[in-house]
Amino acid sequence: MSAQTYLAYDYPLLSVFWSMLLFFLWIMWFVLLFRVIVDILRDDAMSGWAKAGWLVLTIVLPFLGVFVYVIARGKNMGRREIAQARAQQEAFDARVREAAGTTSRPSSIDELDKLSEIRARGDITDDEFRRAKELVLTGHGPAQHAGSTSRTPSR
């Protein structure tokens, strides 16, 4: 038999399984360690001294520090993470709305629709409708100046 065949007999399938399990647990340990550290730093309710104490305990005695932290404060770790995710999603949604221009500013189509409803009710004449429509279409109507004040600037 060759040297490779002997190696296969020396390292049976169960040993491969245990090695992979230990490697997986080792990776999971680092994931848990970093999640605890991030949770310590992210928690606004904790004072600076408490954060420093937890970090020292977690770094000096990692196994004990992480397990004590998870037992003592692990119940709220998920809640803090969900609150953080919601805050990030709301900030992202607000940024997208701002970039898309869909804040509370009405579009020119909405303004023209309102003008035609007002004209259909008979509140304005056809001449007033035509002038207001020209203002909206040229960019001088209320749709483009929703955030501006009604005062004219002094010179």
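Predicted model: local features only at pLDDT ≥ 70, side-chain atom pairs only at ≥ 80, totals over all residues.
Reader: In what kind of interaction do the side chains of Arg80 and Asp43 meet?

Author: The general idea comes first: side chains of opposite charge can pair when their charged atoms come close. Here Arg80 and Asp43 meet in a salt bridge, at 3.9 Å from N to O. The term requires a side-chain nitrogen of Lys or Arg within 4 Å of a carboxyl oxygen of Asp or Glu. This pair links distant parts of the chain, with Arg80 in helix α5 and Asp43 in the loop between α2 and α3, 37 residues apart. Helices (H or I, at least four residues) and strands (E, at least two) are DSSP runs, numbered from the N terminus.

Reader: Which residues does Asp43 touch, not counting residues up to four places away in sequence?

Author: A contact means heavy atoms within 4.5 Å. On that basis Asp43 touches Lys51, Arg73 and Arg80. A residue of helix α2, Leu41, is in contact with Lys51 and Leu55, leaving aside its neighbours within four places in sequence. The C-alpha atoms of Leu41 and Trp54 are separated by 9.6 Å, and these two residues are 13 residues apart along the chain.

Reader: How many salt bridges are there by this rule?

Author: The count comes to 10 salt bridges. One of them joins Arg35 and Glu81, whose closest N and O atoms are 2.2 Å apart. That pair also links distant parts of the chain: Arg35 lies in helix α2 and Glu81 in helix α5 (residues 77-100), 46 residues apart. Arg35 is partly exposed because its relative accessible area is 42%, and Glu81 is partly exposed because its value is 38%.

Reader: Where do Glu98 and Arg95 lie?

Author: Both Glu98 and Arg95 are in helix α5, three residues apart, about one turn of the helix. Their side chains meet in a salt bridge of 3.6 Å, N to O. Glu98 counts as exposed because its relative accessibility is 54%, while Arg95, at 49%, counts as partly exposed. Elsewhere, salt bridges that share partners join Asp39, Asp43, Arg73 and Arg80 into one network.

Reader: How many aromatic pairs are there?

Author: Rings of Phe, Tyr and Trp (its six-membered ring) pair if their centres lie within 6.5 Å; planes under 30 degrees apart count as stacked, over 60 as edge-to-face and the rest as tilted. By this rule there are seven aromatic pairs. Among them, Trp29 and Phe63 are stacked, at 4.4 Å centre to centre with 25 degrees between the planes. This pair links distant parts of the chain, Trp29 being in helix α2 and Phe63 in helix α4 (residues 62-73), 34 residues apart. Trp29 is buried because its relative accessibility is 13%, whereas Phe63 is exposed, with a relative accessible area of 52%.

Reader: What is the arrangement of the aromatic pair of Trp54 and Tyr69?

Author: Trp54 and Tyr69 are edge-to-face: 4.9 Å centre to centre, with 85 degrees between the planes. Here too the pair links distant parts of the chain, from Trp54 in helix α3 (residues 48-60) to Tyr69 in helix α4, 15 residues apart. Trp54 counts as buried at 17% relative accessibility, and Tyr69 counts as buried at 0%.

Reader: Which residues form one aromatic cluster?

Author: The cluster consists of Phe23, Trp26, Phe30 and Phe34. Of these, Trp26 is found in helix α2 (residues 13-42), and Trp26 counts as partly exposed because its relative accessibility is 47%.

Reader: Over the face of which residue does Arg119 lie?

Author: A charge sits over a ring if NZ of Lys or CZ of Arg is within 6 Å of the ring centre and within 35 degrees of the ring normal. In this structure Arg119 lies over the face of Phe129, at 4.0 Å from the ring centre.

Definitions and conventions. Residues numbered from 1 in each chain as written. Heavy atoms only, no water. Buried < 20%, exposed > 50% of the residue type's maximum accessible area, 1.4 Å probe, protein only.
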